[in-house]
Amino acid sequence: VDGVNILVYHSMFDLEEKILYYLDPANEQERIMIGQRGREIALSKNRFWDNVERLLLNGDKKYVNDYGVSYQPWKGHGNP
């Protein structure tokens, strides 16, 4: 959620405003809390064992990602 566990910007002007805001010592605690919450989510959702399990248990040709299950491999970024 923007401003809770991640920061999202929509333009270069927006990015500059957020950088200046969060680098202000008066907003240090808010910046630290957003970083901590984002880190907790990243560590809980991207565990090594979960990724290995997805690779090893893919014998039935199901492709699992954060968006669900598909029977077709992802073809993004120039993959055939």
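Predicted model: local features only at pLDDT ≥ 70, side-chain atom pairs only at ≥ 80, totals over all residues.
These are my notebook entries on what I looked up in this structure.

**Confidence and layout**

The chain averages a pLDDT of 78, and 70% of the residues score at least 70. Confidence is highest in helix 1 (residues 12-23), at 94, and lowest in strand 1, at a mean of 59. I then read off the elements: the chain has three helices and two strands, and from the N terminus they run α-α-α-β-β.

**Surface and burial**

I looked up how much of the chain is covered. Of its 80 residues, 12% count as buried. The chain exposes about 7,100 Å², with carbon and sulfur atoms supplying 60% of that area. For contacts with a separation of 6 or more, I noted that 31% come from residues 24 or more positions apart.

**Salt bridges**

Next I went through the charged pairs. Side chains of opposite charge can pair when their charged atoms come close. How many salt bridges does the count come to? I found three salt bridges.

Asp2 and Lys18 meet through their side chains at 3.6 Å, N to O. Asp2 lies in the segment before helix 1 and Lys18 in helix 1, so this pair ties together parts that are 16 residues apart in sequence. Asp2 is partly exposed, as its relative accessible area is 40%.

Lys18 also forms a salt bridge with Asp14, at 4.0 Å, N to O. Both of these residues lie in helix 1, four residues apart, about one turn of the helix. Asp14 is buried because its relative accessible area of 17% falls under 20%.

I found Glu28 and Arg31 paired at 3.9 Å, N to O. They both lie in helix 2 (residues 28-45), three residues apart, about one turn of the helix. Glu28 is partly exposed at 37% relative accessibility, and Arg31 is partly exposed at 31%. Looking at shared partners, I saw that salt bridges join Asp2, Asp14 and Lys18 into one network.

**Aromatic pair**

I checked the rings and found one aromatic pair. The ring centres of Tyr21 and Tyr22 are 4.7 Å apart and their planes stand at 85 degrees, so I logged the pair as edge-to-face. Is Tyr22 buried or exposed? With a relative accessible area of 11%, Tyr22 is buried, whereas Tyr21 counts as partly exposed at 36%.

**Leucine patch**

Last, I looked at a nonpolar surface patch of about 390 Å², made by Leu55, Leu56 and Leu57. I placed Leu57 in the loop between helix 3 (48-56) and strand 1 (63-65). Leu57 counts as exposed because its relative accessibility is 62%, over the 50% cut-off.

Conventions: Residues numbered from 1 in each chain as written. Heavy atoms only, no water. Patch = residues over 30% accessible without salt bridge, like charges linked within 9 Å, V, L, I, M, F, W, Y side chains within 5 Å. Areas by Shrake-Rupley, 256 points an atom, 1.4 Å probe, with all protein chains shown as cover. Buried < 20%, exposed > 50% of the residue type's maximum accessible area, 1.4 Å probe, protein only. pLDDT = per-residue confidence, 0-100. Phe/Tyr/Trp six-rings, centres within 6.5 Å; stacked < 30°, edge-to-face > 60°. Contact = heavy atoms within 4.5 Å.
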